[in-house]
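Trainee: I'm new to this one. Can you walk me through it?

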Amino acid sequence: MLKDRLQHPLAALVFAALLTAPWVGVELLGGPGAVGLSHIGTVAVSGLSVLGASFMLAWGAETAEKDVPRAFAIAVLAVLAVAPEYAVDALYAFGAGDGGATAQACADFTTREIENAADGTVAAACHDANLAVANMTGANRILIGLGWSGIALFTVYRAGSSSDPSVNDGDGFLGSSVSLDRDLGLEIVFLLAATLVAFFVPLNGGIGVADTLVLVGIYIAYIAIIIRGDVEEHEEQVGVPAYLQRLPFAYRTLSSITLFVYSGLMIYTAVHPFAHGLEEIGLSFGIPEFFMIQWIAPLASESPELIVVAYLVNKARSTAGFNALISSKLNQWTLLIGTLAVVYSLALGSVGTLPFDEKQTAEIWITAAQSLFAIAIITNFDISVRESLVLLALFASQVIIEFGAIVTMTDSAAGEFSIFVLHAYTVLYVAISIVLFFRRREALVDIFQTTAATARESVTGTSAAEHSD
């Protein structure tokens with residue numbers, strides 16, 4: 001009897017909610033500082049809440065697939081999962097605008113003065129502007145370098161003990177690959193458009209309102225198309241989503257919305273303390289602040305997304321998992337950049353352009369180049385183990401080389417060497433991308449044609465077949 005109750009889907013839902021309960025208590029009592037939690041304690045309690053909320057977020061999205069287009073449900077999931085990243089970046093962008101960081105003002109300071117500036121000064125605001133860009137580029141590169149590659153490898157590994165129709169067995173582990181949903185062509189086209197725009201962002205002297213209008217416009221156009229799509233024949237669910245999908249429409253909808261709202265609230269409130277706790281622990285071990293902000297904080301804020309995708313892959317739903325990853329990259333590469341300019345302008349009190357230094361210019365270019373390479377890989381709707389390992393190796397090696405320079409060189413020497421490394425990797429990413437696009441040019445043309453037909457159908461309500469008749 002007890003065993004049956006524990007195996008009931010609601011038991012899993014209750015367990016996930018219990019994981020978030022300690023953090024709810026901490027927040028109601030005034031936060032980690034009010035209850036005397038150490039950095040390790042904060043990381044533990046907030047981390048458990050993020051874990052529980054991530055499962056609830058995934059269940060909400062899976063339940064919603066019965067009533068709305070899957071791409072739209074996954075887009076909502078992606079936005080909620082990376083919302084903490086928006087909050088962290090917005091914090092630095094606000095500090096930059098509030099402190100009066102402008103391109104002219106920041107040009108009057110040396111790199112050392114900006115790095116060592118006291119709080120409340122214009123130089124400190126310039127430091128915040130650089131941190132906002134660094135955190136954004138770090139989050140985007142982690143999502144592809146660790147997320148796309150790691151989930152592809154996990155999918156192939158997981159297929160060894162389960163049946164996953166999306167995994168193609170090759171000659172050994174390295175010869176295997178993961179087939180992607182061909183409906184992702186729409187996301188690929190919009191992500192490619194945003195990536196090409198990103199290459200030009202540094203040429204405008206910073207992130208300005210024009211960048212916001214273009215990039216946010218790209219995302220709005222994407223949402224406008226997918227929300228008009230048909231509700232697909234959804235995959236057979238098990239566990240919590242299966243139980244909730246059997247409920248009447250009103251209760252099912254209420255369940256999805258409740259899971260979205262509650263999990264989003266938990267993730268939003270818990271991830272920042274989780275990231276800050278990790279930063280403080282890292283700083284106590286002598287890891288530089290800038291490195292922590294660019295890599296450790298985004299890794300923490302991306303954790304809900306990675307947990308959700310790993311959960312989907314573990315259910316042999318790798319197609320939905322990759323849909324979520326690609327959708328997350330698209331909204332981060334459009335909305336996140338656009339958010340920076342808006343928040344900065346609000347804090348500044350006028351329409352302005354978020355400034356950044358030469359180092360962050362190089363960071364944006366390598367991030368765009370990595371995105372271009374990742375798009376080139378999936379243009380044929382397939383990502384192999386070899387491609388995943390190359391993607392992972394390029395990401396990891398660049399981070400390791402840069403960290404080595406930071407801890408072994410003087411600040412000025414490390415800065416110059418870092419910029420050289422970023423430019424070198426940018427050229428490498430772009431060169432490989434061009435080769436891949438050329439080899440897969442027919443697939444690329446087909447993606448553009450299919451996307452154009454999908455967009456036309458969304459606007460006119462007429463399918464390509466009806467149009468030809």
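Mentor: Start with a term. Helices and strands here are DSSP runs, numbered from the N terminus. And keep in mind that this is a predicted model.

Trainee: Okay. How many helices and strands are in the chain?
Mentor: The chain has 20 helices and 3 strands. With a radius of gyration of 22 Å, close to the 23 Å from the globule rule for 469 residues, the chain is as compact as a globular protein of that length.

Trainee: What does the C-alpha trace span along its principal axes?
Mentor: About 65 × 60 × 50 Å.

Trainee: And how much of the chain counts as buried?
Mentor: Of the 469 residues, 53% are buried. The accessible surface is about 20,100 Å², and carbon and sulfur atoms own 66% of that.

Trainee: What about contacts?
Mentor: Take those with a separation of 6 or more: residues 24 or more positions apart make up 82% of them.

Trainee: New topic. How many positive and negative side chains are there?
Mentor: There are 20 positive and 43 negative ones. The centres of the two sets lie 10 Å apart.

Trainee: Let's pick a helix. Is helix 4 mostly covered or mostly open?
Mentor: Mostly covered, with 20 of its 26 residues buried. Helix 4 runs over residues 39-64 and should span 38 Å at 1.5 Å a residue; its end C-alpha atoms are 37 Å apart, which agrees.

Trainee: Where is phenylalanine 381?
Mentor: In the loop between helix 16 (358-378) and strand 3 (382-384). Phenylalanine 381 has a positive phi of about 55°, although it is not a glycine.

Trainee: Why does phenylalanine 381 count as buried?
Mentor: Because its relative accessibility is 8%, and buried means under 20%.

Conventions: Residues numbered from 1 in each chain as written. Predicted model: local features only at pLDDT ≥ 70, side-chain atom pairs only at ≥ 80, totals over all residues. Heavy atoms only, no water. Helix = DSSP H or I, 4+ residues; strand = E, 2+ residues; numbered from the N terminus. Expected span 1.5 Å × (residues − 1). Buried < 20%, exposed > 50% of the residue type's maximum accessible area, 1.4 Å probe, protein only. Rg over C-alpha atoms; globule rule 2.2 N^0.38 Å. Contact = heavy atoms within 4.5 Å. Areas by Shrake-Rupley, 256 points an atom, 1.4 Å probe, with all protein chains shown as cover. Lys, Arg positive; Asp, Glu negative; His and termini not counted. Charge placed at Lys NZ, Arg CZ, Asp CG, Glu CD.
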